[in-house]
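Visitor: I would like to learn how to read a model feature by feature. Please take me through one.

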Amino acid sequence: MAPVLGFLLLLGLCGDTVSEGPLTSTDRSVGLKFEFPPVKYETEESYEAGPINILFQIVHVFLHLVQPNPFPEDILRKVIQKKFDLSKDYEKIIYYEIGIIICAVLGLLFIILMPLVGLIFCSCRCCNKCGGEMHQRQKKNGNFLRKYFAVSLLVICLLISIGIIYGFVANQHMRTHIGKTWKLSESNFKDLRTFLNTTPEQIDYIAEQYTTTKERVFSDLDNIKVLLGSRIYQQLKPKLIPMLDDAMAIGEELKTLRESLVQANLNLMDTKQSLTQLGHNLSDVRRGLEQTLSDSTCHADPVQTTCNDIRSSLGLVNVSINPDQLPSLEEHINNLTAVLRTNLTALAHQGYNYLYTIPERVQNETVNIIADVKRALNSIGSNIETASQGFPIRDRLSYFSSYLKKAEDYIHRYLRVLEEYDLYRWLGCLVACCLLTLIATFYSLGLLCGTYGYDQSASPTGRGFISNTGGVFLMVGVGFSFFFCWLLMTLVVLSFVLGANMEKLVCEPYQSKKLFQVLDTPYLLKEDWKYYLSGMIFDNSDIQITFEQVYSDCKENKSIYATLKLEHAYNITDQVNITKYTGDIYSSFENMNISIKNVMKVDEEGRRNLRAFHSLELDKVDYAAIMAETAKPPTQVNLLTFADNLDAKASNLTPGNLKNSLRSHAETLRRIHDVQVVLLQRLLSAVYQCMQELQQKTTGLGVRMQNILFFVNDTQNFVTNLITAVVHEERRKYVTTILSYFEQYLQWVKHSVTEQIAACKPVATALDSVVNIFLCGYVIDPLNLFWFGIGKATVLLLPALIFAVKLAKYYRRMDSEDVYEDGKVDNMENGSIGLYRQHGATQIKQSF
């Protein structure tokens, strides 16, 4: 009943199954993560028989040997198509069943012949025939035969005992597990109720998750200052900040450069003035020396030579630097001062402030748009909630809930009947096992008493009570064997035919899904329908929906939408089209107009001042020539060395005006050096350093200034093109992020509908519980083990009774015995005629 219920439930749900709202949880680094609430079911997916499963496998092997033919799919299809008319295909059915038929026929022969043989045997024994005569002929190999019969009977009894154990175990296993059927059905019905009850909850849960999406979108909308404004700022920052930084740096550099130019110009003017003064003073010294050397004393030898030497070196007493080579920087200073009237630092700060306020400006300019989008989101939420409440599946589920209750009451009512009748079955099988146990017990007691009570030295007529009791037990066992074996074999044949066919035609093909493949045969169950399920569900039998596919999908816990291919009735892909829900939102954002301009606003005068910087040509000043001049010593000759030479030459002259005058000039030169040359050297060094610094500062300054001028001149064009493109791109990304939440939500809806909502695993589990667990596991497997064990034990009764009859002669007390002369046993065994001695009679010996 449960598989029928599950199947009807599956079909009923599909009749109006409208899965709305798509869901496929698309993992995104900035996206939402939806966790579909798991549904827990109680019924176990698999059934484990435990250690007894080894015995079941042994029976399966035996059945495979008896019935090796594969599952008769073609025969079954034909039988179903002919409305189970077996008249035309009986030959194929017989061929398939030949192994089972042979075993059943052998069993029937056993049932018929064993009572007949037993009747004949008993009649014969009553006439003192067939071993009924209480006389045992002594044979030479009598001891060996007795032992052989005893061992054989013992082995057979052990084998019978194993079969009996199989029967007891199988009987109790079936009884125990049929007692679990109630719990199994309760578990399955509870899972089915859970399945029916959780489906509306899952639909409501999907609708509720829109709130999560909406809240996330609201959060991003309220945070547009950071998510959009800051991103625009971050995108513009690497493009504008370097230019603004350069403008600020150049502004500061120009101020420093002007200070350096002023200082350098001052040093140059001081240097030129000092050089001029030094040149005048050295000219005076030269004129004074020339006048001194024109003295008459210098015309006479040897003084003339000294005077000539001094006169020839007078040209070195002069400055080595031409003051005209040191240009004035006053013009550059004035031009730079004019350039500095345009405060690049202030302009850079203006650009910084403009960039820093972009996020706030974005927020202020999108207030109305945000409000419109929020209204659209609330409207979408209302539509989704209305759609979820209007799902037709809710009515279908409530209908099947009532049907499920009726089915549960029906099954529970018959489960009570099943348990009641199973008690009778259990008692009957127990009686059968007990009968076999009784027979095996008689044989075992006979062996035990006969073996331990047997006295080899005792004559057959003088055997003891225990030995005789053992023989009696053996004959009682034989009698019970004849009396009950046919009844036991009848039970075995009936259970064998039923169990073997159920195993081969139901259990095995169900596990291999070949049974479903037969049911999936086109036009099998209904001549007008190619696929039966699709014909029932959609009234269109051309859609390929098979029993095997439905069972496999439910086994994998797929949703009914995917299992029954309900996209033919309700296309979830069309329903979760994102533009259907987000078109208004996208349009609102498309109308967003974020204006960013005037990053650096410079008037026309400022532009002229910046362009005037190119006329400065500071980087074209010949700093190398100035540094080369300032690197020279102030004078052509070292004045101190020259003064020392004058003193040395004057010291060689005779005292007089010439000597004194030369020494006076030498002293003057020393004074000029100490006062002017040393100061001039410092000025030259300062000028050199200034020129070196200016050279470094002005290198590349023109190019950088040109870039700044280009930036200032083309700011508006830059804003119109590049910044507008950045704003558009970041707006697109922001809108994409906002819409991605809806896309994720709708994809998750699609995923949930196609993979998770109304996952039909309980239906497959219910079917497995009925067929695989209850029918095959609880009933067929132990039933097959029962007939296998009882059948083996019953068949072994035949050799057991033969050996028991043979062995009883060696244990029972005989009425007469063979008596031979001493020492003539070997000679007379074949040729003597033994005469009987009755109890109490005289021994008679007679021989040929």
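Guide: Start with contacts, meaning heavy atoms within 4.5 Å. Of the contacts between residues at least 6 apart in sequence, 88% join residues at least 24 apart. Know the ground rules too: the model is predicted, local features need pLDDT of at least 70, side-chain atom pairs count only at pLDDT 80 or more, and totals for chains, interfaces and linings use all residues. Residues are numbered from 1 along each chain as its sequence is written, and side-chain values use heavy atoms, with hydrogens and water left out.

Visitor: How many helices and strands are in the chain?

Guide: Elements here are DSSP runs, numbered from the N terminus: helices are H or I with at least four residues, strands are E with at least two. The chain has 28 helices and two strands.

Visitor: What share of the residues is buried?

Guide: Buried means under 20% relative accessible area, exposed over 50%, and partly exposed in between, with a 1.4 Å probe and protein chains only. Of the 848 residues, 47% are buried.

Visitor: Where is confidence lowest, and where highest?

Guide: The chain averages 76, and 77% of the residues score at least 70. Helix α1 (residues 2-15) has the lowest mean, 35, while helix α2 (residues 53-66) has the highest, 92. Two stretches call for a careful look. Residues 1-29 stay under 50, with 105 contacts beyond four places in sequence. Residues 821-848 are also below 50, and have 30 contacts beyond near neighbours in sequence.

Visitor: How do I read aromatic pairs?

Guide: A pair of rings is described by the distance of the centres and the angle of the planes. Rings of Phe, Tyr and Trp (its six-membered ring) pair if their centres lie within 6.5 Å; planes under 30 degrees apart are stacked, over 60 edge-to-face, and the rest tilted. The whole structure holds 26 such pairs. Take Phe-496 and Trp-787: centres 4.7 Å apart, planes at 85 degrees, so this pair is edge-to-face. Phe-496 sits in helix α14 (residues 465-512) and Trp-787 in helix α27 (residues 761-811), so the pair ties together parts 291 residues apart in sequence.

Visitor: Which disulfides are in the chain?

Guide: A disulfide is a covalent bond between the sulfur atoms of two cysteines. The cut-off here is sulfur atoms within 2.5 Å. The count is two. One joins Cys-507 to Cys-776, S to S 2.0 Å. Its S-S torsion is about -100 degrees, so the disulfide is left-handed. Cys-507 lies in helix α14 and Cys-776 in helix α27, so parts 269 residues apart in sequence are tied together. Both cysteines are buried.

Visitor: What about the other one?

Guide: Cys-554 and Cys-760 form it, with sulfur atoms 2.0 Å apart. The torsion is about -105 degrees, so this disulfide is left-handed. Cys-554 lies in helix α17 and Cys-760 in the loop between α26 (715-756) and α27, so the pair ties together parts 206 residues apart in sequence. Cys-554 is buried at 2% relative accessible area, and Cys-760 at 0%.

Terms used:
pLDDT = per-residue confidence, 0-100.
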